[in-house]
Amino acid sequence: MKTNVVMLSQDRNLFGSIIRQQTKNGMLNLSDLQQAYEKERLKHGWPEKHIYRIMESDKESLFYLLEHQGVVKLPMCSFTEAIDSQGFAKYMKSLGVYKTTGVASTKTTWVNPYIWLMVAMELNPKFKAKTVIWLTDSLIFNRVEAGDFCKELNAAIQKFYPT
């Protein structure tokens, strides 16, 4: 996709928070995930967790995730050394799987969708289950259904804009 549209539809609602996604690179908003977790944490008395620390502390899982995608092509020891020497955020940004936008109160973090899912699944077992169902039902099945109606939609549009 040429332009970077941020999707904000209601089918992206996870625990009362809309999870934003950029269409150009597929990145999901990590700040939205933290907000969704905070709402549920307060409601259920779950422990406080910071998603940034989860990513930084699970370098091995992160390495294999990025290696499998072809993003990282070096040994794990070199990967962890690069994180330690450059800093987590700076190194992840250099790989193109992490970025921040905005300043001060509008600052938000975007990550590769696989990293986003990995982090979401580490927060809490109930949160993990809800995230898997949300991802499967809301994002996959709804998109399949939209594809099923594509021909009908195109036929309806052609009535107004004949070729």
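**Helix packing around H6**

User: What is the handedness of the crossing of H3 and H6?
Analyst: The crossing of H3 and H6 is right-handed, with the caveat that this is a predicted model.

User: And at roughly how many degrees do their axes cross?
Analyst: The axes of helix H3, which covers residues 59–68, and helix H6, which covers residues 113–123, cross at roughly 150 degrees and come within 10 Å of each other. Angles over 145 degrees count as roughly antiparallel, and H3 and H6 are therefore roughly antiparallel to each other.

User: Which residues meet there?
Analyst: On the H3 side they are Ser61, Leu62, Leu65 and Leu66, and these meet Tyr114, Ile115 and Met118 in H6. Sorted by class, this contact of H3 with H6 has six nonpolar residues and one polar residue, with no charged residues.

User: Now H1 and H6, how do their axes cross, in degrees?
Analyst: The axes of H1 and H6 cross at roughly 15 degrees and come within 11 Å. Angles under 35 degrees count as roughly parallel, so H1 and H6 are roughly parallel to each other. H1 passes H6 in a right-handed crossing, and the contact is made by Leu30, Leu33 and Tyr37 of H1 together with Trp116, Val119, Ala120 and Leu123 of H6. By class, the contact of H1 with H6 has seven nonpolar residues, with no polar and no charged ones.

User: Leu30, is that one buried or exposed?
Analyst: Leu30 has a relative accessible area of 0%, and buried means under 20%, so Leu30 is buried. Leu30 lies in helix H1, which covers residues 30–44.

User: What is Leu30 in contact with, leaving aside neighbours within four places in sequence?
Analyst: With those neighbours left aside, Leu30 is in contact with Ile51, Tyr52, Met55, Thr109, Val111 and Trp116. Trp116 also belongs to the H6 side of the contact with H1.

User: And what separates the C-alpha atoms of Leu30 and Ile19?
Analyst: Those C-alpha atoms are separated by 8.3 Å, with Leu30 and Ile19 lying 11 residues apart along the chain.

User: Switching to the whole protein, how many helices and strands?
Analyst: The secondary structure comes to eight helices and seven strands. The protein has 163 residues, of which 33% count as buried, and it exposes about 9,900 Å², with carbon and sulfur atoms supplying 58% of that area.

User: What about contacts between residues 24 or more positions apart?
Analyst: Residues 24 or more positions apart account for 47% of the contacts in the protein, taking contacts with a separation of 6 or more.

Key:
Residues are numbered from 1 along each chain as its sequence is written. This is a predicted model: local features need pLDDT of at least 70, side-chain atom pairs count only at pLDDT 80 or more; totals for chains, interfaces and linings use all residues. Side-chain values use heavy atoms; hydrogens and water are left out. Axes are lines fitted to C-alpha atoms, for helices over the stretch in contact, and angles run from 0 to 180 degrees between N-to-C directions. Helices (H or I, at least four residues) and strands (E, at least two) are DSSP runs, numbered from the N terminus. Angles under 35 degrees count as roughly parallel, over 145 as roughly antiparallel, 65 to 115 as roughly perpendicular and the rest as oblique. A crossing is left-handed if the near helix is turned anticlockwise from the far one by less than a right angle, and right-handed if clockwise. Contact means heavy atoms within 4.5 Å. Ala, Val, Leu, Ile, Met, Phe, Trp, Tyr, Cys and Pro count as nonpolar, Asp, Glu, Lys and Arg as charged, and the others, Gly among them, as polar. Buried means under 20% relative accessible area, exposed over 50%, partly exposed in between (1.4 Å probe, protein chains only). Accessible areas come from the Shrake-Rupley method with a 1.4 Å probe; for residues, only the protein chains shown count as cover.
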